[in-house]
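I opened the model today to look up its fold, its hairpin and its ring contacts. The entries are in the order in which I went through them.

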Amino acid sequence: MANPFVHVELATNGPAKTKVFYSVLPLELLITATLEDVKRKTRLTLRHKGLPAGEMREMCATGWNESFDKLAAILARKGKGP
């Protein structure tokens with residue numbers, strides 16, 4: 001089942017690049033986030049399925065890592081981070 005809440009952010013200055021970007025995306029991706037209590041802290045496990053091997057997978061890994069780095073920085077500022 002497709003997820004109706006889809007957000008893709010693309011920063012480019014050319015329509016041709018946009019067309020190429022969207023043409024390589026798979027029709028369906030599954031992202032599963034699991035939260036669990038571990039010694040009074042929360043562990044987040046993220047699984048992103050449906051990505052083709054290669055550049056697209058590497059780009060997604062980079063994006064997720066950047067997002068988690070930002071989250072860690074926000075939590076640290078609030079005194080709740082690692």
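My notes on the structure follow.

**Ground rules.** I am working with a predicted model, in which local features need pLDDT of at least 70 and side-chain atom pairs count only at pLDDT 80 or more, while totals for chains, interfaces and linings use all residues. Residues are numbered from 1 along each chain as its sequence is written, and side-chain values use heavy atoms, with hydrogens and water left out.

**Confidence.** I looked up pLDDT, the predictor's confidence in each residue on a scale from 0 to 100. The protein averages 76, and 65% of the residues score at least 70. Confidence is lowest in helix H1 (residues 15-23), with a mean of 67, and highest in strand S1 (residues 30-38), with 89.

**Fold.** I counted two helices and two strands in the protein. Helices (H or I, at least four residues) and strands (E, at least two) are DSSP runs, numbered from the N terminus. Along the sequence I read the pattern α-β-β-α.

I then turned to the strands; two of them pair if DSSP finds at least two bridges between them. S1 and strand S2 (residues 41-49) run antiparallel and are joined by nine bridges. Leu35 stands opposite Leu44 in S2. The two strands form a hairpin with two residues between them.

**Turn.** Phi of Lys39 is positive, near 50°, in a residue other than glycine. Arg40 has a positive phi of about 65° and is not a glycine either. I noted for background that most residues other than glycine have a negative phi.

For exposure I used relative accessible area: buried is under 20%, exposed is over 50%, and partly exposed is in between (1.4 Å probe, protein chains only). Lys39 is exposed, at 79%. Arg40 is exposed as well, at 82%.

**Leu29.** I found Leu29 in the loop between H1 and S1. Leu29 is partly exposed, with a relative accessible area of 34%. Leu29 and Lys49 are 20 residues apart in sequence, but their C-alpha atoms are 5.8 Å apart in space. I listed the contacts of Leu29 (heavy atoms within 4.5 Å). Leaving aside neighbours within four places in sequence, Leu29 touches His48, Lys49, Gly50 and Leu51.

**Helix H2.** The 23 residues of H2 should span 33 Å, and its end C-alpha atoms are 33 Å apart, which agrees. H2 is followed by Gly79, which has a positive phi near 75°.

**Aromatic pair.** I searched for rings of Phe, Tyr and Trp (its six-membered ring) with centres within 6.5 Å; planes under 30 degrees apart count as stacked, over 60 as edge-to-face and the rest as tilted. The structure holds one such pair. The rings of Trp64 and Phe68 have centres 5.9 Å apart and planes at 20°, so the pair is stacked. Both residues lie in H2 (residues 55-77), four residues apart, about one turn of the helix. Trp64 is partly exposed, at a relative accessible area of 26%. Phe68 is also partly exposed, at 30%.

**Whole-chain totals.** How much of the protein is buried? Buried residues make up 6% of the 82 residues. Of the contacts between residues at least 6 apart in sequence, 22% join residues at least 24 apart. I took accessible areas from the Shrake-Rupley method with a 1.4 Å probe; for residues, only the protein chains shown count as cover. The protein exposes about 7500 Å², of which carbon and sulfur atoms supply 58%.

Notes:
The expected span of a helix is 1.5 Å times one less than its number of residues.
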